[in-house]
Amino acid sequence: MSNVLRLAIVDPSDASRNAIKNMLMGMEVVWLEAECSRYEFFADVVAQTKPDIGVVAIDSNADKALKLMEELRDTAPECNILVISGNSDGQVILRAMRAGAKEFLTQPLRVEDLVAALDRIGAVKFGTGQGGGRSSQVIAIAGTTGGVGTTSVAVNLGCILAQQKQNSVVLLDLDLSLGDADVFLDTIPDYTIVDVAQNIGRLDIQLLKKSLTKHTSGLYLLPRPVQLQDIPLINPEDFIRVLGLFKATFSHLVLDLSKSYSPLDLAALKAAKDVLLVTQLDLPCLRNVVRLLMSMGEIEGLKEKVKIVVNRVGLDAGQISLKRAQETMGKEIFWQLPNDYKTMVEIRNNGVPLIEHSPRAGITQALITLADMLTKDKDDASREQGSTAEKGAGWFKFLGMGKSKSGK
Ligand SMILES: Nc1ncnc2c1ncn2[C@@H]1O[C@H](COP(=O)(O)OP(=O)(O)OP(=O)(O)O)[C@@H](O)[C@H]1O
Ligand SMILES: [Mg+2]
């Protein structure tokens, strides 16, 4: 990520300073510039290192710490002060705010609170509004019926994003009963989403990364639970905390949703910046797109994030045309993925992602462009693809994939 926040910490207590450092270490969005154990030296440290954020743990000596903050307000007004204290008394918070604190976090520190505070500071500093531009990008992949291609899209998009070395990407399999993202990646994970959700209070970023499975593409995977009986152990509150920790750790989160639209799926939809709704060009799918869009319209801000991805275009002559489909759905088609049964079956059976197995195939290229569009927001390219593909031109024709050669 390009917009990294530079931090300096002051905390006379070694134990609490190390705990804060551990939480910060490994976070994508911050760089620890300096640490200091004496309040009286910190103004000099800030003057020399010019950090974006000064983390001041005030509990060792609140009077000294507040005096330091007043000094920094005058000498380093561009340094945002983030106060950490075990005392959440209103008077303490008020004094800290008056001394120039931008954020106040209470001990024990929760990683999601820290991330949210860093996000707010980053949003102001980088002018990204609500922190959206510089924080982790969450992409939810939802489907309109079983077998529509949700996991294929999620896994392959994840691998494509992970291959770019500036990205760190994790895939969360939220199909808690029958998820098969691990099969697509040919891995046998040690830990599952249940382990992470249940230990969220104890995990730091280093430990979290150790509990994930890393694929050769660079993609990290958090799979569904092994036992069906474990599914009720994950509740949406813990899951939101899990997402907070992941957002602090990875530049991109890809969420493969289940088709049950459970409370967990809804939490994922709300957390996402982009929701890819994968459909095919048949009536049951299109009818579900209409229904889902109607339901999503009831949740503030959700429908606007939905991007329709039509999968298996060119499957057979009986498919509804793209134009009719778009009219029926009442929403623009964001992206199309060609039908390529042979390649898709092979990659699934061999547990090798498209980018490794068939980097030049049309389906791979379409997914690479999709990844590019999602990370660079090239809406114009989408419109272009929509219009050219409908006319039978564009890469479908170019790649000779306009018609299916090998139906199901
Ligand atoms: N573009 C494509 N062309 C041909 N076959 C495809 C394409 N995309 C997916 N498939 C095939 O469709 C089948 C279902 O795909 P996948 O498992 O990704 O769907 P899903 O929506 O995740 O299913 P589920 O509802 O079981 O979670 C797989 O056999 C896959 O290989
Ligand atoms: Mg699936």
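This is a predicted model: local features need pLDDT of at least 70, side-chain atom pairs count only at pLDDT 80 or more; totals for chains, interfaces and linings use all residues.
In what order do the eight strands of the open sheet with mixed pairing stand?

1. **The eight-stranded sheet.** The order is E8-E9-E7-E10-E6-E11-E12-E13, and the sheet is open with mixed pairing. Its edges are taken by strand E8 (213-214) and strand E13 (333-338). Each of these has a single partner strand, so one side of each is left without a neighbour in the sheet.

2. **The five-stranded sheet.** There is also an open sheet of five strands, ordered E2-E1-E3-E4-E5, and its pairing is parallel. Strand E2 (30-36) and strand E5 (101-106) are the edge strands here; each has a single partner strand, so one side of each lacks a neighbour in the sheet. From one strand to the next, the twist averages 25 degrees.

3. **E1, E3 and a helix on the sheet.** Strand E1 (residues 5-10) and strand E3 (residues 53-57) run parallel and are joined by four bridges. Across from Val-55 in E3 you will find Ile-9. Helix H5 (residues 111-126) packs on this sheet and touches E1, E2, E3, strand E4 (80-85) and E5. The direction of H5 makes about 170 degrees with that of E5.

4. The loop between E5 and H5 holds Pro-108.

5. **Around ligand 1.** Which residues are closest to ligand 1? They are Gly-147, Thr-151, Ser-152, Lys-259 and Asn-311, out of 19 residues that surround the ligand. For Lys-259, a polar side-chain atom lies 2.8 Å from an oxygen atom of ligand 1. Backbone atoms take part as well: a polar one of Gly-149 is 3.0 Å from an oxygen atom of the ligand, and a polar one of Met-344 is 3.5 Å from an oxygen atom of the ligand. On its own, ligand 1 has 630 Å² of accessible area, and the protein covers 86% of this.

6. **Two residues with positive phi.** Asp-186 has phi near 50 degrees, a positive value in a residue other than glycine. This aspartate lies in the loop between helix H7 (181-184) and helix H8 (193-198). Is Asp-186 buried or exposed? It counts as exposed, because its relative accessibility is 58% and the cut-off for exposed is over 50%. Tyr-261 is also a residue other than glycine with a positive phi, near 45 degrees. Tyr-261 sits in the loop between strand E10 (252-256) and helix H11 (263-271).

7. **His-215.** This histidine is found in the loop between E8 and strand E9 (220-222). Why does His-215 count as buried? Its relative accessibility is 10%, and buried means under 20%. Leaving aside residues up to four places away in sequence, His-215 touches Cys-159, Leu-185, Pro-353 and Glu-356.

8. **Pro-236.** Helix H10 (residues 236-249) is the place of Pro-236. With 24% relative accessibility, Pro-236 counts as partly exposed. Not counting residues up to four places away in sequence, Pro-236 touches Pro-263 and Leu-264. Pro-236 and Ala-268 are 32 residues apart in sequence, and their C-alpha atoms are 9.1 Å apart in space.

9. **The chain as a whole.** How many helices and strands are there in the chain? There are 18 helices and 13 strands. The chain has 408 residues, and buried residues make up 53% of them. Among contacts with a separation of 6 or more, 75% come from residues 24 or more positions apart. The accessible surface of the chain comes to about 18,700 Å², with 51% belonging to carbon and sulfur atoms.

Note on methods. Residues are numbered from 1 along each chain as its sequence is written. Chains are lettered from A and ligands numbered from 1 in the order in which they are written. Side-chain values use heavy atoms; hydrogens and water are left out. Two strands pair if DSSP finds at least two bridges between them. Axes are lines fitted to C-alpha atoms, for helices over the stretch in contact, and angles run from 0 to 180 degrees between N-to-C directions. Contact means heavy atoms within 4.5 Å. A residue is near a molecule or strand if one of its heavy atoms lies within 4 Å of it. A polar contact is a pair of N or O atoms within 3.5 Å; within protein, one must be able to donate a hydrogen and the other to accept it, and residues adjacent in sequence count only if both atoms are side-chain atoms. Accessible areas come from the Shrake-Rupley method with a 1.4 Å probe; for residues, only the protein chains shown count as cover. Buried means under 20% relative accessible area, exposed over 50%, partly exposed in between (1.4 Å probe, protein chains only).
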